[in-house]
Amino acid sequence: MARPKKPRHPLHVVRIAVQLAFFTLFLTLLVLTALGTPVAARPWLAQLFLITDPLVLVGMALAGAFTAALLAGLVVVALSLLAPRAYCGWICPLGTTMDIVDKLLFRKRDRSANVGPRLRQVKYGLLVALLVLAVFRLGVFGWFDPVCIATRSYGVALYPIADHAVKAGLVAAEESGLRSAGRAYDWAARARLFIRDTDFKKGDTHVAYLWSFVFTALLVGIVLAQSYQKRFWCRNLCPLGALLGLLGSASPLRPRVSQKCIACGACRNRCKTGAFQPKANDKPYASVVQECVFCYACERDFCPVDAIHIGAGSPTPVRPEPQACPGRRAFLGAAATSAILGPALLLDQRTRQKDETNPMLRPPGALQPDAEFQATCIRCGACMRACPTSALHPSGVENGIGGLWTPTFVFNIGYCDYYCNVRKEDVESGRLDRPANLCGIVCPTGAIGKLTHPQKIARKIGTAVFDKSRCLPWARGEECLTCEEQCPLGEKAISHETEEVANLDWLKMPQPKRNRYEELDAKRRGGATLTADEKAELAAMPPKTRKLGLPYVLRDRCTGCGTCENVCPVDGAGGIRVERLQTRDVK
Amino acid sequence: MSNPLKRRGFLKGAGAALVAGVALPGCSPGPEGGVKFRARPHPMAEQWKHRLGLAQGGDDPGQRVRVAIEKLCGAEGVRTFLKPGDGVVIKPNIGWAQVPEMGATVDPAVVSTLVQLCREAGAKTVKVFDNTVGTSSKCYEFSGIEKAAKAAGAEVFLCAPHRFLMLKFDDPRAKRVAEWPIYEDALTADVFINVACAKVHNHPQVKVTLCMKNLMGVQGGDRGKMHQDISQNLADLNVMIRPTLNILDATRVMIAGGPSGGRRDQIVAGRTLVCGTSAVTVDCWGADPKNLPWPKGHHDLAAVGCIALGAAAGLGVADPSQIEVSA
């Protein structure tokens with residue numbers, strides 16, 4: 001196997017540098033998004049990788065939810081017309097993740113037995129199926145789009161893990177006497193690098209997101225599938241890769257194999273996306289332009305006889321080229337499958353939403369009705385990462401199986417912050433005309449609209465409702481009113497009336513004593529004068545009733561921000577909970 | 001293939017890391033002598049239980065701090081209770097994400113002046129913090145207190161969840177609360193200054209939130225659970241946490257929508273600052289509708305439940321006629 005080491009192709013080196021640069025940019029922007037304010041003035045920073053994603057562009061256009069920002073995707077479209085999957089090899093954060101892990105874990109692994117092209121047509125079927133679902137107004141392609149996968153996995157899964165690890169490390173170091181660790185903790189907390197800062201109710205900030213484990217596992221699965229094939233995901237499953245490959249099918253720029261080829265199979269075995277295959281066991285090998293990610297490894301690294309050249313000129317490619325795409329029948333089959341699944345998903349969505357016990361709490365500014373939101377949301381999780389109180393979480397299937405991983409509020413964990421993206425100087429000057437909801441600011445597709453502070457406060461998420469069987473004053477005769485205290489509205493949406501209620505201390509007295517109390521009390525009420533002994537006896541017993549503040553929701557004021565539910569001291573389901581916005585309430 | 005020495009080396013390293021991980025936290029020193037509140041009371045605390053220093057009028061909240069402390073302590077001011085080298089904690093109300101004009105938090109000039117006074121008197125460190133109710137970083141920013149206190153030379157930090165220590169409420173006068181997590185820095189300070197602002201409160205037993213309730217800002221845990229029998233709970237808290245100095249900043253008085261606020265029309269000018277060695281006495285003066293512009297008919301003094309309970313525990317005075325005000 002020992003071959004003299006040739007210097008790498010210059011573009012190979014450049015590619016690695018560019019890849020690492022884009023990956024660093026991706027992670028940096030993710031942290032900036034977590035910090036909130038830095039991206040508020042330049043939302044495109046938070047959206048950059050998603051709005052330049054051509055699958056998002058095409059999917060949104062098909063769903064009739066196109067916005068001008070998505071035109072940024074044309075840059076990548078133009079790149080792909082020239083160099084089909086260069087995006088995958090040079091820019092895609094998921095691709096770079098795979099390359100890094102491959103270098104770390106599988107560098108010496110011989111996977112040449114697995115290089116067959118069998119599975120690679122699956123991605124075209126997936127692309128067609130997802131785009132047909134987009135026509136049915138279901139943005140579910142975000143489940144499979146690699147940029148969405150990276151945004152979700154890094155932002156909503158790995159960031160919390162890193163957050164937890166860093167916090168735990170700093171805390172342990174501080175507790176073993178390292179002062180600077182404590183100062184580092186304070187600095188990071190103040191800079192809002194940590195997820196949430198404090199939690200009024202539980203005092204514990206080690207919070208991740210619902211589904212974080214699944215997003216972690218999916219990413220781990222994607223990178224570890226490389227033990228079978230390099231870039232297994234990109235070769236076989238990636239719908240964006242399929243789209244970019246198709247876009248660039250006619251590109252003159254491609255790997256070209258000359259007659260010098262000795263059919264040794266090195267390129268077939270080592271190309272990370274399997275872009276080379278023999279033509280009926282005959283030489284020369286041929287390249288599949290739709291699969292090439294332009295990594296520039298083949299020219300110098302693989303080919304022992306310098307038979308490969310990536311470029312636009314000679315050697316003339318072998319004709320006919322190997323077929324990358326499935327035939328027309330397979331495309332139609334995938335489309336037809338989706339044409340059945342699409343209506344089924346829509347009906348499922350409607351049926352589940354008919355169940356009004358499910359709260360369906362969408363971020364402020366979310367498109368309405370919810371079907372519109374589900375058409376436009378690409379399930380990327382950017383809003384969840386941006387939410388300053390970690391109140392937004394990926395939903396399960398309660399809003400429709402197709403609604404999996406769309407954002408929903410979990411008010412037991414966080415709440416919709418009254419001054420989410422409002423600065424001190426905005427309040428002081430009264431100029432509240434900037435977008436105030438970070439979820440809407442970072443949303444790449446406009447599924448969550450940007451709202452100014454007054455708009456956000458006027459917009460209902462839901463309505464708080466007391467559960468009188470759990471609320472402390474109502475259910476147990478205990479004082480509370482924590483919800484009213486913390487309602488952030490200038491004119492609070494929770495108020496109370498002080499009323500005479502049963503005194504539980506009286507009820508705790510044994511029956512004979514209660515009877516005696518009733519007897520003395522009746523006597524007093526009847527106008528009879530009690531003896532001094534009787535007066536003392538009555539005074540020694542707790543009164544039968546006591547005054548207690550009983551809280552009420554003033555429904556027209558409530559915005560459904562969930563602060564009350566978040567701070568309710570009742571363990572388990574709160575005594576006050578935000579429920580679905582009833583359509584008959586909408587102003 | 002695999003090198004056994006390497007594996008052994010790895011296992012050794014992992015073992016050492018495990019031992020360190022288990023042992024190190026066990027070595028953590030913690031506060032000496034168990035978890036207790038250690039700030040010194042004012043040397044005259046017993047004799048001055050009924051005394052208050054008052055400053056009214058003017059447009060400079062900072063000047064009112066200087067005047068009120070001098071009225072209480074004499075020309076020596078903070079030096080009557082602060083020794084050079086002391087660690088000072090100032091616990092202002094930073095509880096809500098509101099700008100100073102909304103009156104939901106202590107005026108930043110009050111805090112910065114206090115920081116200056118303490119530093120001039122030779123304090124080694126001055127720490128300013130509050131376990132806020134709203135989103136902490138926002139509260140620190142909006143209130144203007146973080147910026148002002150830092151500029152005056154204080155350490156300002158958010159409360160970190162791992163730095164709360166369980167304080168046993170083992171004083172027999174603490175009747176209802178058995179234990180509660182309290183922020184470590186509040187427990188270990190030499191001098192603790194409690195700075196509240198004057199606001200109405202929605203709770204029928206609280207009515208107004210002043211110095212006694214402001215101490216909830218050193219508590220961790222689920223503070224919503226303080227709200228059941230809140231008067232007794234607050235009295236218990238004040239039995240255990242005895243600030244060296246208590247200040248009520250009534251630069252503004254919130255007359256509706258409290259304690260969170262957020263509307264300018266719920267604020268009236270108070271131009272008052274009062275301080276004393278007893279939080280109960282300060283609250284007794286501050287809650288009195290004769291002294292601050294509380295809304296008519298909102299409450300009488302007896303309605304503020306924690307004051308009488310605090311006085312019953314011997315913490316201060318609940319009878320306005322016994323209060324001696326130096327103005």
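User: How are helix 8 of chain B and helix 10 of chain B oriented to each other?

Analyst: They are oblique to each other, because their angle is about 45 degrees; under 35 degrees counts as roughly parallel, over 145 as roughly antiparallel, 65 to 115 as roughly perpendicular and the rest as oblique. Helix 8 (residues 230-240) and helix 10 (residues 305-312) of chain B have their axes 8 Å apart. This is a predicted model, in which local features need pLDDT of at least 70, side-chain atom pairs count only at pLDDT 80 or more, and totals for chains, interfaces and linings use all residues.

User: Which residues make the contact?

Analyst: Helix 8 of chain B contributes Ser231(B), Gln232(B), Leu234(B), Ala235(B) and Asn238(B), and helix 10 of chain B contributes Gly305(B), Cys306(B), Leu309(B) and Gly310(B); contact requires C-beta atoms, placed from the backbone, within 7 Å. These residues comprise 4 nonpolar, 5 polar and no charged. Residues are numbered from 1 along each chain as its sequence is written, while chains are lettered from A and ligands numbered from 1 in the order in which they are written.

User: And how many residues of chain B are in contact with chain A?

Analyst: In chain B 42 residues are in contact with 44 residues of chain A. Helix 4 of chain B gives the largest share of that side of chain B, 5 residues. The side divides into 17 nonpolar, 18 polar and 7 charged residues.

User: What follows helix 25 of chain A?

Analyst: Gly527(A) follows helix 25 of chain A, and its phi is positive, near 100 degrees.

Note on methods
Axes are lines fitted to C-alpha atoms, for helices over the stretch in contact, and angles run from 0 to 180 degrees between N-to-C directions. Helices (H or I, at least four residues) and strands (E, at least two) are DSSP runs, numbered from the N terminus. Two residues are in contact if their C-beta atoms, placed from the backbone, lie within 7 Å. Ala, Val, Leu, Ile, Met, Phe, Trp, Tyr, Cys and Pro count as nonpolar, Asp, Glu, Lys and Arg as charged, and the others, Gly among them, as polar.
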